[in-house]
Amino acid sequence: MLSYNKISPIIYYCKAIEFVDIIYEKILKEREIMIDNFELKQLVEPLQNWFKGNARVLPWRENPLGYYVWISEIMLQQTRVEAVKPYFERFIKELPDVKSLAECPEDKLLKLWEGLGYYNRVRNLKVAANQIMEEYKGEIPSDYEELLKLKGIGNYTAGAIASIAYGKAVPAVDGNVLRVISRVTADDSDIMKQSVRAHMEQRLLDVMCDENTKVIPSVFNQALMELGAMVCVPNGTPHCEVCPWGEICEARKQNRIAELPVKKKAKARRVEEKTVLIIKDGEKLALHKRAKSGLLAGLYELPNTEGYLTEDEIIEYVKKKGYAPIRIQSVGEAKHIFSHVEWHMKGYVVFLQAEEFEDAGKKDNWLFVDVEETKEKYAIPSAFVKYTEYLNLVIGKEAIELSSERSSM
Ligand code: SF4
């Protein structure tokens with residue numbers, strides 16, 4: 001027979017297990033309360049009414065053609081509305097329809113996108129424009145499933161085009177929507193997971209297809225995005241006092257706004273050190289065309305090397321390329337952050353003997369161009385903005401602002 005002293009640790013162990021089970025069950029139960037136990041239908045009316053009185057006037061909203069919704073949504077991925085406006089207006093002026101986009105030369109397309117980043121997206125736009133010309137007689141399809149067949153169009157963009165341009169009852173779940181729905185329902189699922197996004201899409205689809213909810217698809221989807229951008233903001237304190245869901249929001253009731261949405265930490269970015277070279281003489285500048293695939297594919301950059309070179313090593317490097325440097329000058333450090341990698345750069349101006357340019361060859365894909373010519377023809381990624389400033393070479397968003405200032409004079 002076991003003595004009391006011997007049995008007690010076992011009892012304690014069992015009690016502990018029981019306790020853990022109870023806690024676990026409680027957690028599971030609470031998880032159930034979240035999005036699945038929340039009556040999403042109650043969100044519709046206050047949200048749509050709020051949007052009617054608070055929607056911002058945006059260039060792509062005035063006349064929500066499929067083409068305009070498509071271009072604006074691709075531009076808006078990763079970039080703020082205010083930054084996108086001048087890009088959108090210039091793009092539509094230059095390429096007013098699917099046909100002109102399909103026929104646009106790549107260098108011009110990249111120049112129109114210069115500074116927006118994620119250059120594959122604009123290449124995909126052109127591929128999709130060609131698909132539309134060939135397979136859909138130049139008309140952007142209105143059907144969600146057909147839209148998904150176009151290059152570069154995923155669930156979110158297909159949902160946005162189908163609902164906003166064509167009034168189809170399909171959700172458009174982006175980061176804003178994930179955040180506001182997670183908060184209003186106090187759902188603490190990890191919004192980085194594809195399964196969580198898919199589940200939210202399904203729940204919103206159910207609401208949108210429910211005849212009793214009086215959802216207006218274009219209004220409902222845009223209102224969710226707008227609420228996320230203007231009220232239930234990603235950084236800083238959300239403006240709950242003006243939120244149409246202020247009285248029904250679970251995160252607010254439970255005082256858990258700061259901890260929602262739950263977002264698993266992304267992997268740390270890889271750091272790459274680089275030496276950037278402004279190789280010039282007078283008006284001529286060396287540019288290098290990047291490879292056809294990979295990061296910043298096909299764009300023009302200032303020549304650069306992996307790692308930090310000393311001034312002596314730079315001179316050696318330039319000599320090995322077949323040029324004769326006569327002077328070198330440091331122009332400081334810069335940093336650029338991509339989604340998975342960070343560039344930490346040290347820049348130098350290298351002055352060559354003037355006659356070097358007589359032989360404006362294409363060694364190592366370097367081409368020597370006039371700085372003025374660069375403004376018009378060559379798309380340079382904004383990673384180099386600190387060094388292009390040195391050349392008084394304005395690129396990206398600043399270039400658009402400058403040209404619109406000039407044209408309004
Ligand atoms: S009440 Fe506050 S936390 Fe809740 S959805 Fe509105 S802004 Fe977001």
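This is a predicted model: local features need pLDDT of at least 70, side-chain atom pairs count only at pLDDT 80 or more; totals for chains, interfaces and linings use all residues.

Me: Which residues come nearest to the ligand?

Reply: Of the 15 residues around the ligand, the nearest are Cys232, Pro238, Cys240, Cys243 and Cys249. The elements that contribute two or more residues to this shell are helix 11 (175-184) and helix 14 (250-253), and the largest share, three residues, is that of helix 11.

Me: OK, new topic. How do helix 4 and helix 10 cross?

Reply: The axes of helix 4 (residues 66-76) and helix 10 (residues 155-165) come within 9 Å and cross at roughly 145°, and the crossing is right-handed.

Me: And which residues meet there?

Reply: From helix 4 there are Gly66, Val69, Trp70, Glu73 and Ile74, which meet Thr157, Ala160, Ile161, Ile164 and Ala165 of helix 10. The residues of this contact divide into seven nonpolar, two polar and one charged.

Me: Last one, Ala383: where is it, and is it buried or exposed?

Reply: Ala383 sits in the loop between helix 16 (371-377) and helix 17 (385-390), and Ala383 counts as buried because it has 24 C-beta neighbours inside 10 Å, where the cut-off for buried is 20 or more.

Me: What does Ala383 touch, leaving out residues up to four places away in sequence?

Reply: On that basis, Ala383 touches His336 and Trp343. Ala383 and Ile337 are 46 residues apart in sequence, while their C-alpha atoms are 8.0 Å apart in space.

How values were computed. Residues are numbered from 1 along each chain as its sequence is written. Axes are lines fitted to C-alpha atoms, for helices over the stretch in contact, and angles run from 0 to 180 degrees between N-to-C directions. Helices (H or I, at least four residues) and strands (E, at least two) are DSSP runs, numbered from the N terminus. A crossing is left-handed if the near helix is turned anticlockwise from the far one by less than a right angle, and right-handed if clockwise. Two residues are in contact if their C-beta atoms, placed from the backbone, lie within 7 Å. Ala, Val, Leu, Ile, Met, Phe, Trp, Tyr, Cys and Pro count as nonpolar, Asp, Glu, Lys and Arg as charged, and the others, Gly among them, as polar. A residue is buried if 20 or more other C-beta atoms lie within 10 Å of its own, exposed if 12 or fewer, and partly exposed in between; C-beta atoms are placed from the backbone. A residue is near a molecule or strand if its C-beta atom, placed from the backbone, lies within 6 Å of it.
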